[in-house]
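Subject: Structure handover and side-chain contacts

Hello,

Here is the structure you asked for. My notes on its side-chain contacts follow below.

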Amino acid sequence: MAEWFKHLYWADIGQACLDTLSMLGAALAFTVLLGLPLGLLLFLTGKRQLHQALGVYRVLSVIVNVLRSLPFIILLIVLIPLTTLLMGTSLGVPGTIPPLVVGCTPFFARLVETALREVDRGVVEATQAMGASTWQIVRHTLLPEARGGLLAAVTVTAIVLVDYTAMAGVIGGGGLGDLAIRFGYQRFQTDVMVVTVVLLLVLVQVLQSVGDKLVVHFSRK
């Protein structure tokens, strides 16, 4: 058994896990911070919504669709100059945050828009009829009514980010993906590859389980 895992250095694997969690946490926070307002804007300016502005909606929609359609590996390379300008490096954990956020924010914004569209229109119109402002409608009606869908959107986005953090290892992004590529693939150390893949699978399962429980919990309220 020991012979099968002779290339494993648990300190390196532990550090890679911490790097992956750091990338995931930071990127998810910024993605939600930017993607939620963008999704709200897409919803509010859409057809038959509170602030219908089809010209604005089309422009935002095109931008979101273009960014969503770019393969993440290409986005990583294209954003290297911007990442270096913002973070001072394009390598390691700091070098992965900008492309992760740019890659996932449009995706999350679409999920937010979809979740908001599922809110009963009658509830929104009733709130509007009582003289509520747009901010009050958003804060007290749209977001509470859509919280189950929004939590599901955060869960899906977190899982996508795990995938992207692993892919960032191609350009030396750090984390489990970087470990798998440098040692598992380039040095043919199968044991390292197997352990990193298993850890990524476990992380995804934990995220999905926690997300599902939160959705069920808050949907009952």
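Arg117 and Glu113 meet in a salt bridge, 3.0 Å from N to O. The term means a side-chain nitrogen of Lys or Arg within 4 Å of a carboxyl oxygen of Asp or Glu. The two residues sit four apart in helix H5, so about one helical turn separates them. Helices here are DSSP runs (H or I, at least four residues), numbered from the N terminus.

Two notes on the basis. This is a predicted model, with residues numbered from 1 along each chain as its sequence is written. Local features need pLDDT of at least 70 and side-chain atom pairs 80 or more, while totals for chains, interfaces and linings use all residues; side-chain values use heavy atoms, without hydrogens or water.

Glu113 also has a salt bridge to Arg110, at 2.8 Å from N to O. That pair is three residues apart in helix H5 (residues 92-117), again about one turn.

How exposed is each member? Glu113 is buried, at 4% relative accessible area. Arg110 is buried as well. Arg117 is partly exposed, at 39%. The cut-offs: buried is under 20% relative accessible area, exposed is over 50%, and partly exposed is in between (1.4 Å probe, protein chains only).

The salt-bridge count is three. Another of them joins Arg121 to Glu125, with the closest N and O atoms 3.2 Å apart. Both residues lie in helix H6 (residues 121-129), four residues apart. Arg121 is partly exposed at 36%, and so is Glu125 at 42%.

Next, the aromatics. The whole structure holds one aromatic pair. Phe72 and Tyr164 have ring centres 4.1 Å apart and planes at 0°, so they are stacked. Phe72 belongs to helix H3 (residues 72-78) and Tyr164 to helix H8 (residues 147-167), so the pair ties together parts 92 residues apart in sequence. For pairing, the rings of Phe, Tyr and Trp (its six-membered ring) need centres within 6.5 Å; planes under 30 degrees apart are stacked, over 60 edge-to-face, and the rest tilted. Phe72 is buried at 4%. Tyr164 is buried at 18%.

Best wishes
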